Amino acid sequence: MGKVAVVTDSNSGITQSQAGEYGVVVLPMPFFINEETLFEDIDLSQEQFYVRLEQGADISTSMPALSAVTDCWDELLKEYDEVVHIPMSSGLSSSCETALMLSQDYDGKVQVVNNQRISVTQRQSVLDAKQLADEGKSAAEIKEILEKAKFESSIYITVDTLYYLKKGGRVTAAAAALGTLLRIKPVLQIQGEKLDAFAKARTMKQAKKIMTEAMAADFKDRFHSEDGSKMWLEVAYTKDQAMAEEFKDELQKLYPNNEIVVNPLSLSISCHIGPGALAIACSKRIEEC
């Protein structure tokens, strides 16, 4: 029975210390901050990131260097028979397409999963992959299982300010100004590979209600698990953990049998939506797990 290593990137939100705990490998994503290159969770912490973001630093993201990816695989293949690599969604980054191209030189020993996940739902895919590997599944089998379930997840996010969406070109300056004047808190959704507008709220309380009802509808209509028994359920946030813990307590009353996990959104999302954002996310449990 072959040994399978599981690799992801820090877009999954998995820290380096958690990677050691889970038995997976996490490639740190590079960030360019005022022309300085920093690596997530290596020399750029969540706290440092938000300080720089709120100071108005020029922040952009990139994918890991090609050599960093292949060096990682080469080192793992000295110990493991195969590698499963789970990058962020191909619809949101070119890192997946690049990894697929690089994997062609590995004679099937490296399987790159394109399952349209990011941040907390990508994190769950990594945990699923690790469990499948521990159960003896091959890299190709794990890839097939994860890609078959690629649309079995949802994320709903509300943001505290439109400033960062405007800065990233996702809303116009006029729309952002009007939204700020009217105190609109947009609710966004990620289902598959795109970040899309979903609804508008005037208060955080109303935004949470919209997100909770949207997730309940997904449980019933998309995932056929009205009580949440077939689902992994998570709360995610940018910077404000206390707000996220409060939201978790509210959701726990609705889904008392679910273990609701709270995690920060990955910095690759945070730089586009800013601090004070709140999200609810779910992934359908893999039947093979």
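The model described here is a predicted one. Helix H3 spans residues 66-76, and its buried residues are Val69, Thr70, Cys72, Trp73 and Leu76. These residues lie on the same side of H3, because they cover an arc of only 155° around the axis.

An α-helix has 3.6 residues a turn, so residues three or four places apart point the same way.

## Helix H9

Helix H9 contains 19 residues and reaches 26 Å from its first C-alpha to its last, which is close to the 27 Å expected at 1.5 Å a residue. Its buried residues are Met204, Ala207, Lys208, Ile210, Met211, Thr212, Ala214, Met215, Asp218 and Phe219. The packing partners of these buried residues are strand E8 (153-158), strand E9 (185-190), strand E10 (195-201), E11, H10 and E13. After H9 comes His224, whose phi is positive, near 55°.

## The nonpolar cores

The largest nonpolar core has 25 residues, and those touching the most other members are Phe219, Leu233, Val235, Leu278 and Ile280. At least two residues of this core are supplied by each of helix H9 (204-222), strand E11 (231-237), helix H10 (241-254), strand E12 (260-264) and strand E13 (278-284). H9 provides the largest share, seven residues.

Another core, of 20 residues, lies apart from the largest one; Val84, Ala133, Ile142 and Ile145 are among its members.

Which residues does Val235 touch, not counting residues up to four places away in sequence? With that exclusion, Val235 touches Ala244, Phe247, Lys248, Leu251, Ile260, Val261, Val262, Asn263, Leu278 and Ala279.

## A buried arginine

Arg123 is found in helix H5, which covers residues 119-134. Is Arg123 buried or exposed? Arg123 counts as buried because its relative accessible area is 8%, under the 20% cut-off. Leaving out residues up to four places away in sequence, Arg123 touches Ser12, Ile14, Tyr22, Glu234, Val261 and Asn263.

## Cysteines

A disulfide is a covalent bond between the sulfur atoms of two cysteines. In this model, the count of disulfides comes to zero. Cys96 counts as buried because its relative accessibility is 1%. Cys282 likewise counts as buried, at 1% relative accessibility.

How values were computed: Residues numbered from 1 in each chain as written. Predicted model: local features only at pLDDT ≥ 70, side-chain atom pairs only at ≥ 80, totals over all residues. Heavy atoms only, no water. Core = buried A, V, L, I, M, F, W, Y, C linked by side-chain atoms within 4.5 Å. Buried < 20%, exposed > 50% of the residue type's maximum accessible area, 1.4 Å probe, protein only. Helix = DSSP H or I, 4+ residues; strand = E, 2+ residues; numbered from the N terminus. Contact = heavy atoms within 4.5 Å. Disulfide = S-S within 2.5 Å. Arc of directions from axis to C-beta. Expected span 1.5 Å × (residues − 1).
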